[in-house]
Each structure stands twice: as structure tokens, then as C-alpha cells.
Amino acid sequence: DCHDGSDEQNCKTARVLRPMSMRARMDGVSSRAWVCDGEDDCRDGSDEKECKKQNWPSVVECKADEFRCNATSTCLPKQWRCDTETDCPDGSDELNCTQNACESWKFMCVTDRMCIYKTWQCDGEPDCKDGSDEQNCPATNTTPRRLGRRGSSKKPGINFEPGQQCHDWMFKCGNDRCVPYWWKCDGVNDCEDNSDEQGCGEKGSTSSTTETSTIVPSRPGPPTRRKDRMCGQHEFRCDSGVCISKRDVCDGRKDCPGGEDEDNCPPKKLCGNSNFRCRIDGACLPMDKLCNGIKDCPDGSDEECNFKPIIMNSTVNNCSSYPGVFECDNTCFALTMLCDGKPTCYDGTDEERCTGDRKGPHYQVTQIMVDERLMNSTSFLIKWVLPNQQNATLEYLPSIYYNNEWKNVTNWISSTEYRFTNLKPYTAYKVTVYVRVKNQPKITPPFIHYEVATVEGIPTPPLNVSVAQRNGSVVEVSWNPPKEVNGRLKGYTVSFRSQSETGVPVQTAEASASETSISIDRGFQPNITYEFWVKARNGRQESSTSQMVSLKIDPAAFVEKVNRIEVLNKTAKSVTLRWQPVSNADGYVVMSFLPQTYPVLPTVTVRNATTVTLDNMVPGTQYVIKVAAFVKDFFGQHETTIISFGGSPLPALNVELGEVSGQHAIVKWSEPTGVALGSLVYGVYYGTSMDTLYEAARFNTSSRTANLTK
């Protein structure tokens, strides 16, 4: 919607739903994902009707943080399992909970070992069946009302009357009422004296994007906004108009210029230094549960990661490996947060010893954006953002990484965007941006290294195209792959036409990306010259035409088909076949095929005869036998017959790998048992592909050990 497209940058791929075929007959329309899921979402049952008739999938694949109900196969969040509430129609989410182990931030009921959130303990409302969550609790005069467990859109009533002591995760109003601190500045007069809305701007909604990078700064300074700009649903508006995350409210650090995000807060920290606070009920979770892809909070607020920076645990990732960060609280933070006058570490050590190289300010790019609509196969445009510029005049040096080398492609510039050019199509690059105060020598190491891939370009034409006539109606076209695919190869288009006929449309045949030859049977006429050429295709583009090649159809290639194969004689190990002769044939080829995993059998050539005897046939299997006539190098269509041999199949061998080196490998096997066999000869097959593996035995041996060499 913006002229520069900035409202669509760095967005997750939208899930586009097709027009729904199921419409609820009551007050609304159910999501397509809810149709035929075993639950009455429409409340009139219309989303669960005619599911078998529509051949709707009966089982939906559950996510890693979900579990499946036994009766309906419905997927529900894992945190709903063993929570004392029956969510599956058959109650399977509350079965087998006696061996349940609770997370550290949850409370285990005494009798049935169910897990509930610790914030539900001693809240005046029994959640455990045995009421153990309300035992040995300090006395309170008023029973609080808990926030809706499923994240209800209705805001619950105020928890305490005036004069009562507030929980440590609640905001104390001017009239001594207590409300959850995150209700502050949400546009609703919860305190009834409006003290939770004082100093707040209008409530609105904005969209945010999450930056993908190696590391992201621990809480970059909030962007400056106009005072009349509205903040998002889970943002807090400072008196200056700046929007910050509500998670930063009452966290012990002043994020607003005037510090109003820390006014009227409880006297002690809401959660420990290494914990995160759920928005809906104030539950404290370990930081490793934050933005880990699994919803641990009842409302899923631990997975709302627009404001949560991607950080690195220093016990796993050594911060010293990244020159653009510093370490504190087992976390790697961007250097832009070091000695910036605002404590980032819980112990404040990032604001100590601010001399020499530690002295701020440190300027770093904290967000790099790429507009995919402005990308092409040889260039892309990047834009970048810095927090806390402090009215300094800055200049930038974009750098790109390819072929194990960083390269500065321009001089220092004042613009906050740059287009990299002369790039290779369909290639991944890393980019970063250095920052310095204009004409000053100090350069802070870059913080973000952003990976960008160019789009597919035009492939080069296929090489070495050749054409050969296989028989009267079949032509084989061969080629080599293009030198530069410039993308992901999707296939080839083979085109041909007659030189002598005008106005006849070009005919085409398609080949897959793995093929470099194709047989075409299109009724080619004798003594007519045809032209052939090939084009390569990737996901976006098609190559130019390859070199054209010509072929004149030889009338001698029209060979008749063999007819009427019959069995003259058959024994346990042999078969004799006969067929009708073909006029002018130079001879015949007899091709035998066994089921897959058997080796490829040799082709038998027969001249001056129309019979053949095949010996040493494998017992207990079925042969497909094809016979075709040939004249010169041209073959006619084959005739096929199927012949079965009784008896027990030869047993499979159990082959073991022994000594292996760069030049050879030893294999050994045991003699087969269970069948009456005479002296045995073993064929040893090996190769670097399935085709070469089965094409022919490398050697025969009567031993049960073989030395395989290159």
C-alpha cells in the first residue's frame, strides 16, 4: 500500500485460503482448517457434515507443540494436556497423567499430578480436582478472578478491591485498586479513576516485522515516532509518542525518554533475571522458553517475537567469536548497547569502565531489509536502519561476501540504501554495512550479516546436440547440459520441423532435468530432412536456441515388427522360442528381463534363423522376453512374451563389509542354505550407480570372499 512498498518488506509468507466451500449457517464462517476436524465449530454442525462424501482428509498432521485427540484426531496445544480441563471430546487429553512431570514454572496437583500454572496457585479458585493448589495459602478477603485460560477476547473483571495488597505482577492504581500491569495504556479505564491510562496516547494497531539475522540487538532504542502516531496492540506509548513493547514496561529499566514506563510499578522485579513473564497471567517462564517455537504461556505470548531480539546463550555460542557483540547475563548483545547511558545487563556492568574502546556511542546497523520486488538475477537493493543516531552525521560502507571473501564495493556513502550489481544469478551472498561518524576514524565492527540470494537468470543453451535415427519412426536426440543453468534446472524442450514443408507448425517434446536424450516417435517420413534444436528451462527463464542439427530419414530404417512368438520346448532350466520371419531382416535381437534387484541379462543376437534356446534360467521367477528384427543399425518394433519357471528362487546372500581403504574393500558372505545346490559360482556386482551396479558382473568366483578395487 505504501508507494515504496515498505509495508510489505520482510513479511512472513501469507497463507492464502481458497474460497471456502463450507459456510456456517449461524453467525459466521469457520476457518477452512476447522472443516471436518471432528469439532462443531459452527455450533450447528454444518462444518462437520458430508465429510466422507467430500473425501476430506481424516487425519491432520499435528505440529511439534500439539498433541492428537484419540477419537477425533483433532490437534490441540500441548499445554492443554493434563491441565484438569477436558478439551478432547473423549477426554484423552486428561488420560495417563499420573506419570506427568511439570515444568519449573508450573504447580503439580497432589492427587492426580496434573500441571497448572503457578500463577493459578492461591488465586482463590481451585484448579486441581483435590484443591491442593488452594491449600496453605495466605488469607485474602476477596476471591480474585483469573484471566481466561484460552486467551478470551473479553477482559475479566478487576482482581482486587481498593486497599488490598497487589500481586507482584500487577499495577497499583491511584485509588489503590490492582490490575495486571499490561492493562496500562490499553485504552480501557480499568482502574476506574483512569490512572492506568494517564500519559497514554490513542490506542491503535500497527504492523511489525521481525528481522532475520545472525544475532539481533538486545533492545535497540525505539524508533522516533510522531506524537499523533498510534501504537500497536501490545505496545506502550511513551508521553513523547514513542512506542515500546509492553514487555519493557515495569522491567526495572527506563525505556521511555521520560521514564514513564517505570511509573507506578511494584517495588520488586516481576520475574527473576533469567525469566520471562507471560502477558495473560504473569507466569514466569525460563528465558529459554521464549521464542523457541512452542507456546508455553496460556495465551502464547512467549511466541510473539516481534519485539524479542534473537540472542545467543554465551555458554553455547562464544560471544568473542562475534566482534560486533559483547557478553553479559549469558547473552550476546550488540555493541550499540554498550556504554550508551542505559543499563542493559542486570548488574549494570555494560555501563562501567566506559573508556577506550568501550566508550560510546557505538554505531551499528541493526536491521537490513531487501525488497524482493526490486531484485533481479544480477542485482539487489538493500536498505538499513540504525537506532540512537543522536543527531550524528553518519556515513556507511556496504560490504558483500562471496567466494570466501568480503569485498567493499563502494566508498563511504551517506545514503541508507545501496544496490549491489554485477552479481551471479541464483547465488547466495552475505551483506553487511559498516558505520562511522562522517570523516571520523572510529568504526564499530558490524553487527548484522544478512544473507540474500539473487533470483534465477536466463540459462545458457544446451551443448553438443546430436540426432540419430533408431528405426523408421523413432529418432533419438541427445545433448549436454548448459554450461550455466543460472537457477534450478526444470527440464528441456526439444523442437523439430521439416525443412521441405512450409507453414507446418514446429513440434515439441519435453524432457526432464535428469535426461540428456529423448526418443521421439512422430511419424517421420522417409527421404525428408528434419531440423532439431533444444532449449533449457529453469524456474523463471528459458534459454536461447541451441545449435540446430539436421537428419534425413533413411527409408531402409523402416523394419517390420516381429509377430507370433511361440514356445517350442521348455525344461526346468531352458526354453526354446520361435517367431515368424521378417522380410529383408539382417537378424534378430532377443532381450530377457528379470524382476528388479536381479542383474541385467545380456542380449542375444540371432542371424539366419528364427529360433533361439535360452539356458540357465533362474527357478522360481518370471521372465519378460522381447524379440525385434534389425536391418543395418535400425531396429523394428519388438514382440513380447512372458514365461515363468517353477521351483524355489535362489536364496539371497547376506553380504558383510570387511576391511575398507581408499583403494579397495573386502566383502564376504556365507554359503546359502535350505536348497539343494551343486557347486556354486558367484557373480560379483558393484558400481557407483544403480545402472552400473546391475549392468554386468565384474567377475565370477567360487570363493565366498571378494576384493573390490577401483
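Start your tour at an open sheet of 3 strands, ordered E35-E36-E39 with antiparallel pairing. Strands here are DSSP runs of at least two residues, and helices (H or I) are runs of at least four, both numbered from the N terminus; two strands pair if DSSP finds at least two bridges between them. Select 655-660 and 705-709 next: these are the edge strands E35 and E39, each pairing on one side only.

A word on what you are viewing: this is a predicted model, where local features need pLDDT of at least 70 and side-chain atom pairs pLDDT 80 or more, while totals for chains, interfaces and linings use all residues. Residues are numbered from 1 along each chain as its sequence is written, and side-chain values use heavy atoms, without hydrogens and water.

Now zoom in on E35 and E36, which run antiparallel and are joined by 4 bridges. Click Glu656 and you will find Lys668 of E36 opposite.

Next, visit the second largest pocket, with about 2,000 Å³ of space. A pocket is an open set of points on a 1 Å grid over the protein atoms alone, where a 1.4 Å probe fits, with protein on both sides within 12 Å along at least five of seven lines; lining residues have an atom within 4 Å of a point. The volume is the space filled by probe spheres set on the points, which are joined across faces, edges and corners. Select Pro599, Val618, Leu650, Val681 and Gly683, the closest to the pocket's centre of its 50 lining residues.

Finally, colour 566-645 and 655-709: domains 4 and 5 both give residues to this lining, so the pocket lies between them. These bounds come from an automatic or database domain assignment.
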